[in-house]
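Welcome! Please take a moment with the sequence and the model below, and then we can walk through some of its features together.

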Amino acid sequence: VYPGKFKTWKYPLDVIAEASNICNLQCTMCFHTDDALPIHKTTKVGFMEMDTFKKIVDECAKLRIPSLKLNWRGEPMLNHHFTKMVQYAKSRGILEVTSLTNGTLMDEQVCEEMVKAKLDQIVLSIDGFTKETYEKIRKGADYNVVIRNLKHLIAIRGKKKKPFIRLQYTESDINR
């Protein structure tokens, strides 16, 4: 109804709460690889504290904001509170909790915790479909580890529908 009438809701439908703005990779297409960018001089790097996250989630819950994303510029699983963040957001009634990851840290334990915490969607950045191409783009990652981690998640999730798993691919001259 709202889009058809060009009306907006008084609050956003989606909030991004960046669990970490640090990354463990140096991907060819990412701003993290260019130290000359102004963002590297002006942005404090680190991890969101759980107390700060709870304040954000509590406000989102109060305003009935339906969707929360736990990443923007960094690898969210570097934050050791990642799965606790998912669990807290779901416990406060956030309908859709999602995250994007490079998949390198998504070991069997993390996969079990994500499923238990009821993460709704996980997006994995897979920018090459061969080990050689993938590792040229995703510098610092091991293709075999990421594929193994993805298989762990699929096996642990089993017949459950969540988390919904989506693969993301950034086209480049290397992988075209």
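## Before we start

Two strands are said to pair if DSSP finds at least two bridges between them. Please also keep in mind that this is a predicted model.

## The sheet

With that in hand, strand S3 (residues 96–101) and strand S4 (residues 121–125) pair in the parallel sense over four bridges.

## Strand S4, covered on both faces

In a regular strand the side chains alternate between the two faces of the sheet. Which residues of S4 lie on one side, and which on the other? Gln121, Val123 and Ser125 are on one side, Ile122 and Leu124 are on the other, and all of them are buried. Because five of the five residues of S4 are buried, this strand is largely enclosed by the rest of the structure.

## Tyr134 in helix H5

Tyr134 is found in helix H5 (residues 131–137). Is Tyr134 buried or exposed? Its relative accessibility is 0%, so Tyr134 counts as buried.

Not counting residues up to four places away in sequence, Tyr134 touches several others, among them Asn102, Ser125, Ile126, Tyr143 and Val146. Another residue to look for is Asn175: 41 residues separate Tyr134 and Asn175 along the chain, yet their C-alpha atoms are separated by 8.0 Å.

## Salt bridges

Side chains of opposite charge can pair when their charged atoms come close. How many salt bridges does a search of the whole structure find? The search finds nine.

One of them joins Lys162 and Asp120, with the closest N and O atoms 2.9 Å apart. This pair links distant parts of the chain: Lys162 is in the loop between H6 and S5, while Asp120 is in the loop between helix H4 (108–117) and S4, 42 residues apart. Lys162 counts as partly exposed at 45% relative accessibility, whereas Asp120 counts as buried at 6%. A second pair is Asp142 and Lys131, whose closest N and O atoms are 3.4 Å apart. Here Asp142 sits in the loop between H5 and H6 and Lys131 in helix H5, 11 residues apart. Asp142 is partly exposed, with a relative accessible area of 33%, and Lys131 is partly exposed as well, at 34%.

Arg176 and Glu171 form another salt bridge, with the closest N and O atoms 2.7 Å apart. Both Arg176 and Glu171 are exposed. Salt bridges that share partners also join Lys90, Asp120 and Lys162 into one network.

Arg157 lies in helix H6 (residues 143–157).

A polar atom of the Arg157 side chain does lie 3.0 Å from the backbone oxygen of Pro163. Leaving aside neighbours within four places in sequence, Arg157 is in contact with Val115, Lys162, Pro163, Phe164 and Ile165.

Technical notes. Residues numbered from 1 in each chain as written. Predicted model: local features only at pLDDT ≥ 70, side-chain atom pairs only at ≥ 80, totals over all residues. Heavy atoms only, no water. Helix = DSSP H or I, 4+ residues; strand = E, 2+ residues; numbered from the N terminus. Polar contact = N/O pair within 3.5 Å; in protein donor to acceptor, adjacent residues only side chain to side chain. Contact = heavy atoms within 4.5 Å. Buried < 20%, exposed > 50% of the residue type's maximum accessible area, 1.4 Å probe, protein only. Salt bridge = Lys/Arg side-chain N within 4 Å of Asp/Glu carboxyl O.
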